[in-house]
Amino acid sequence: MSKQDAYIALMCSLPGSERLFVAKQPPLSRIRLERRLTALTADDAKVLNVLEHTLSWSAYDMDVTDVQAIQRCKQALKDIPQPTLRKLFMERMELRSVVAALRLRKRGEPAPTGSFGVGRWSRHIPTHWTDPTFGLDTPMPWLKEAHQLLEDEDPLGLERLLLSISQKQLKRHAARHMFDFEAVAIYVLIWNIFDRWAQSSATEAAKRFEKLAQQAMADVADIDFEGASA
């Protein structure tokens with residue numbers, strides 16, 4: 001069977017899901033998902049592993065430094081050749097960078113010197129530190145709600161918002177990929193969103209966002225992501 005035929009068969013075997021926040025669990029178990037993913041080529045399986053590992057904050061130990069976190073992102077971009085996957089990777093990292101900035105500012109931290117986090121807004125954020133949304137209302141219209149949820153100390157509400165934004169980003173890319181590797185990778189990343197929500201609770205969400213704040217990537221050089229967008 002050709003790679004194209006194998007991936008068509010793989011995507012056809014993956015069940016759809018209910019709406020996010022309605023479904024109580026992902027559409028299939030991780031064990032069953034892994035069995036289906038054995039159809040991937042070795043190279044594609046490696047890319048998927050890089051995506052899942054780098055985009056999962058649970059994969060970062062508390063003793064990982066800011067510089068190490070940035071290096072992981074740089075290395076991940078080198079290991080992801082597909083333009084669509086590189087773009088969605090950067091979108092997710094930019095989202096996490098601005099959320100980390102919100103958390104640190106709420107804790108009373110001063111504006112970082114130099115750059116902050118990953119992506120296009122790493123130098124913009126410190127210079128707009130006192131603006132509730134860092135002056136990013138246009139590219140990130142959800143920031144006003146995120147800021148308010150933080151002020152209201154509603155970590156579960158914030159997590160719900162961010163998972164929803166992440167899913168919408170992925171679905172936008174999925175619309176252009178049906179039966180190729182990118183489609184498979186996006187399906188798995190959406191599966192992870194369903195799985196994360198299924199395991200969420202207010203207490204766990206608070207712990208995760210505190211960890212995110214501690215891992216914020218401040219005062220490090222911005223990633224040179226020339227060619228990273230599709």
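Helices here are DSSP runs of H or I with at least four residues, strands are runs of E with at least two, and both are numbered from the N terminus. On that basis, the chain has 10 helices and 0 strands, and its pattern along the sequence reads α-α-α-α-α-α-α-α-α-α.

Two remarks on the source, colleagues. This is a predicted model, in which local features need pLDDT of at least 70 and side-chain atom pairs count only at pLDDT 80 or more, while totals for chains, interfaces and linings use all residues. Residues are numbered from 1 along each chain as its sequence is written, and side-chain values use heavy atoms, with hydrogens and water left out.

Let me start with the chain as a whole. Of its 230 residues, 48% are buried; buried means under 20% relative accessible area, exposed means over 50%, and partly exposed lies in between, with a 1.4 Å probe and protein chains only. Contact means heavy atoms within 4.5 Å. Among the contacts with a separation of 6 or more, 75% join residues 24 or more positions apart.

I turn to the interior. A nonpolar core is a set of buried Ala, Val, Leu, Ile, Met, Phe, Trp, Tyr and Cys residues joined through side-chain atoms within 4.5 Å. The largest such core holds 40 residues, and the members that touch the most others are Leu33, Leu40, Leu51, Ile80, Leu85, Phe89 and Phe181. At least two residues each come from H1 (3-13), H2 (30-37), H3 (42-55), H4 (66-78), H5 (83-106), H8 and H9 (181-198). Which helix gives the largest share of this core? That is H9, with 13 residues. Leu33 touches Leu14, Leu28, Tyr187, Val188 and Trp191, when residues up to four places away in sequence are not counted. A second, separate core has 23 residues, including Ala100, Leu102, Leu104 and Phe116.

Apart from neighbours within four places in sequence, Pro15 is in contact with Pro27, Leu28 and Tyr187. Pro15 and Tyr187 are 172 residues apart in sequence, yet their C-alpha atoms are 10.0 Å apart in space. Pro15 counts as partly exposed because its relative accessibility is 26%.

Next, the helix pairs. Axes are lines fitted to C-alpha atoms, for helices over the stretch in contact, and angles run from 0 to 180 degrees between N-to-C directions. Angles under 35 degrees count as roughly parallel, over 145 as roughly antiparallel, 65 to 115 as roughly perpendicular, and the rest as oblique. For residue classes, Ala, Val, Leu, Ile, Met, Phe, Trp, Tyr, Cys and Pro count as nonpolar, Asp, Glu, Lys and Arg as charged, and the others, Gly among them, as polar.

H3 and H5 have axes that come within 11 Å and cross at roughly 10°, so H3 is roughly parallel to H5. From H3, Val47, Leu51, Thr54 and Leu55 meet Leu85, Leu88, Phe89, Arg92, Met93 and Arg96 of H5. The residues of this contact comprise 7 nonpolar, 1 polar and 2 charged.

H5 also packs against H8: their axes come within 10 Å and cross at roughly 165°, and H5 is therefore roughly antiparallel to H8. On the H5 side of the contact are Thr84, Lys87, Leu88, Glu91, Arg92, Leu95 and Val99, and on the H8 side Leu162, Ile165, Ser166, Gln169, Leu170, Arg172 and His173. By class, the residues of this contact are 6 nonpolar, 4 polar and 4 charged.

H8 (residues 155-174) has a further partner in H7 (residues 143-151), at an angle of about 160° and with axes 8 Å apart. H7 and H8 are therefore roughly antiparallel. Glu145, Ala146, Leu149 and Leu150 of H7 meet Gly157, Leu158 and Leu161 of H8, a contact of 5 nonpolar, 1 polar and 1 charged residues.

Finally, the backbone. Most residues other than glycine have a negative phi. Phe134 sits in the loop between H6 (124-127) and H7, and is buried, with a relative accessible area of 0%.
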